[in-house]
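Visitor: Please take me through one part of this model in close detail. I would like to start with the loops and their backbone, then move on to the rings and the pocket.

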Amino acid sequence: MIPLDVFGSESVAADLLAQVRWRNGVTCPRCRSDLAVKNGSYGHFQRYLCKNCDRTFNDKTGTIFAHSKVALRKWLFSIYAFLRFNTSLRQLQLEIDVQYKTIYQRVERFTKALDAPSLDLVGPVEIDEVYVSAGLKGRERDQESRSRGLSTRGRGSYDQDKPPVFTIVDRGTGDRYVIPAKSADESTIRLLLANREKEPLTVYTDGFRAYDPLAEDDAFDREYVVHGDGEYADENVHVNTCESHGSLLRPWLSPHRGISKDKLTQYLRAFQLRRKLLRKPGREALKHAVKATL
């Protein structure tokens, strides 16, 4: 259920932020001391005084919501709509009546605050790659725009404005990852699979030749299917889960009308968070999203 009470009341939104931020007790964002006492209020937000460094702070201090004149309830709505419904920034501009540049900057702060995925692979592992169009959006160009410059079919690379995004599914833990790369080569694949709990790590792939060296390495037990031969699954050997997860990536990127390859990582981290929120109810999903930025 959509948490409409949070989006309709600044005091409820402030209470939700305080619940998530101080779930383990109030600590000073500057010196990390827990010697903090209540010290009046700052609008709808509780104000505190740190007895250790003698400085004041409130519930928003040190978060992505600090130093904003826009109501917190509007920013929480924006985060929720961005993740849950894949709402474009232009549409958010209309919904919350805030300038596009302001929304863009705050959403960028939100995506930058998200942690990079930490891979600690248990296995068996599926790995596959998908290529997305990501060019020079937002950069100052030293040449004229290219006509259909990102329409090249087939495999690509970062320099060709069609970077690969690897999808990894750890069947041992159920975790799924989407990680951008400069190119789809052996060194990149080895780096992605480096953090593993045990050897050999069972790896399921397709017939892409960049995975071939894994078969000659004692650290891996590679099994694969060859799609070109009409082979898509051989009992447990398949990359269908990767392909299913990867198929959701392009629809996630499409409402934003072209992604800069400089910011592709940020959008992928938001996509990763979106998938984690998929089965959570509205208020719990919003709390999880806010927690991810703290």
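Guide: Start at Pro200, in the loop between helix 6 (186–192) and strand 8 (201–205). The model is predicted. In it, the peptide bond that runs from Glu199 to Pro200 is cis. Its omega is near -5 degrees.

Two other loops hold a residue with positive phi. His67 is in the loop between strand 3 (56–58) and helix 3 (72–84). Its phi is near 60 degrees, a positive value although His67 is not glycine. His67 is also exposed, with a relative accessible area of 83%. Asp97 sits in the loop between helix 4 (89–96) and helix 5 (100–113). Phi of Asp97 is near 55 degrees, again positive in a residue other than glycine. Asp97 has 68% relative accessibility, and exposed means over 50%, so Asp97 counts as exposed.

Now the rings. The structure holds eleven aromatic pairs. One of them joins Phe208 and Tyr211: the ring centres are 5.8 Å apart and the planes stand at 85 degrees, so the pair is edge-to-face. The cut-off for that label is over 60 degrees. Phe208 and Tyr211 are both buried. Elsewhere, Phe7, Phe77, Tyr80 and Phe85 make up one aromatic cluster.

Charges meet rings as well. Arg90 places its charged end over the ring of Tyr100, 3.8 Å from the ring centre.

Last, the largest pocket. It holds about 590 Å³ of space. Strand 7 (176–180), helix 9 (264–276) and helix 10 (282–291) are the elements that each give two or more residues to its lining. Helix 9 gives the most, with five residues. In total, 21 residues line the pocket. Nearest its centre lie Arg176, Gln272, Leu273, Lys276 and His288. By type, the lining divides into eight nonpolar, five polar and eight charged residues.

Methods. Residues are numbered from 1 along each chain as its sequence is written. This is a predicted model: local features need pLDDT of at least 70, side-chain atom pairs count only at pLDDT 80 or more; totals for chains, interfaces and linings use all residues. Side-chain values use heavy atoms; hydrogens and water are left out. On a 1 Å grid over the protein atoms alone, a cavity is a set of points where a 1.4 Å probe fits but cannot get out, and a pocket is an open set with protein on both sides within 12 Å along at least five of seven lines; lining residues have an atom within 4 Å of a point. Grid points are joined across faces, edges and corners, and a volume is the space filled by probe spheres set on the points. Helices (H or I, at least four residues) and strands (E, at least two) are DSSP runs, numbered from the N terminus. Ala, Val, Leu, Ile, Met, Phe, Trp, Tyr, Cys and Pro count as nonpolar, Asp, Glu, Lys and Arg as charged, and the others, Gly among them, as polar. Rings of Phe, Tyr and Trp (its six-membered ring) pair if their centres lie within 6.5 Å; planes under 30 degrees apart count as stacked, over 60 as edge-to-face and the rest as tilted. Buried means under 20% relative accessible area, exposed over 50%, partly exposed in between (1.4 Å probe, protein chains only). A charge sits over a ring if NZ of Lys or CZ of Arg is within 6 Å of the ring centre and within 35 degrees of the ring normal.
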